[in-house]
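Here is a short briefing to read alongside the model. Keep the sequence and the 3D view open as you go through the points.

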Amino acid sequence: MITYPSRTWQERRVCGTPPLGMVKAGAFARAWGITRQVLYTYGLMGILAADSTSPGGQKWYGTAAAQRMATIRLMQGEGKTLAEIRDAVECNSIPALPVV
């Protein structure tokens, strides 16, 4: 069994703090009124990717992800399916909307 040196709570806290202007996945999902599972699904489908990832694997979302999420919401409002949104994202045919 491999053992790793334990870190102090201060070191763990530093690793888990997102950079300035970014939020963790749960906070991003709450801000957009979706669940973390939906966010995870969007990531698996290639619709929405995290802007950064911590050394421990936490996903962090920033302005670029917020712009993409605004675009996704607009396309969903137009009645597009997730598959159609994914295809548009793959072709880079959707512009990023500014977040107000």
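Which residues line the largest pocket? The lining is made up of Ala 25, Arg 36, Leu 39, Tyr 40, Gly 43, Leu 44, Leu 48, Ala 49, Ala 50, Lys 59 and Tyr 61. Please bear in mind that this is a predicted model, with a mean pLDDT of 81 for the protein.

- Residues with a pLDDT of 70 or more make up 75% of the protein.
- Confidence is highest in helix H2 (residues 25-32), where the mean is 94.
- At the other end of the scale is helix H1 (residues 9-15), which has the lowest confidence, at a mean of 51.

**Overall layout**
- The protein contains 5 helices and 3 strands.
- Reading from the N terminus, these elements follow one another as α-β-α-α-β-β-α-α.
- Of the 100 residues in the protein, 25% count as buried.

**The sheet**
- The 3 strands come together in an open sheet, ordered S1-S3-S2, with antiparallel pairing.
- Strand S1 (23-24) and strand S2 (52-53) are the edge strands, and each of them pairs on one side only.
- In general, strands of a sheet pair through backbone hydrogen bonds, in either a parallel or an antiparallel way.
- Between S2 and S3 the pairing is antiparallel and runs over 2 bridges.
- To find this pairing in the 3D view, look for Thr 53, which stands opposite Lys 59 in S3.

**The largest pocket**
- The volume of the largest pocket is about 170 Å³.
- Two elements each give two or more residues to the lining of this pocket: helix H3 (36-45) and strand S3 (59-61).
- Helix H3 gives the most to the lining, with 5 residues.
- By residue type, the lining of the largest pocket divides into 8 nonpolar, 1 polar and 2 charged residues.
- Lys 59 belongs to the lining and is also the residue that Thr 53 stands opposite.

**Aromatic pairs**
- How many aromatic pairs does the structure hold? There are 2 of them.
- One is formed by Phe 28 and Trp 32, whose ring centres are 6.4 Å apart; their planes are at 50°, so this pair is tilted.
- Phe 28 and Trp 32 are separated by about one helical turn, because they are 4 residues apart in helix H2.
- Is Phe 28 buried or exposed? Phe 28 counts as buried, because its relative accessibility is 4%, under the 20% cut-off.
- Trp 32 counts as partly exposed, because its relative accessibility is 21%.
- Phe 28 also pairs with Tyr 61: the ring centres are 4.8 Å apart and the planes are at 20°, so this pair is stacked.

Note on methods:
Residues are numbered from 1 along each chain as its sequence is written. This is a predicted model: local features need pLDDT of at least 70, side-chain atom pairs count only at pLDDT 80 or more; totals for chains, interfaces and linings use all residues. Side-chain values use heavy atoms; hydrogens and water are left out. On a 1 Å grid over the protein atoms alone, a cavity is a set of points where a 1.4 Å probe fits but cannot get out, and a pocket is an open set with protein on both sides within 12 Å along at least five of seven lines; lining residues have an atom within 4 Å of a point. Grid points are joined across faces, edges and corners, and a volume is the space filled by probe spheres set on the points. Ala, Val, Leu, Ile, Met, Phe, Trp, Tyr, Cys and Pro count as nonpolar, Asp, Glu, Lys and Arg as charged, and the others, Gly among them, as polar. pLDDT is the predictor's confidence in each residue, from 0 to 100. Rings of Phe, Tyr and Trp (its six-membered ring) pair if their centres lie within 6.5 Å; planes under 30 degrees apart count as stacked, over 60 as edge-to-face and the rest as tilted. Buried means under 20% relative accessible area, exposed over 50%, partly exposed in between (1.4 Å probe, protein chains only). Two strands pair if DSSP finds at least two bridges between them.
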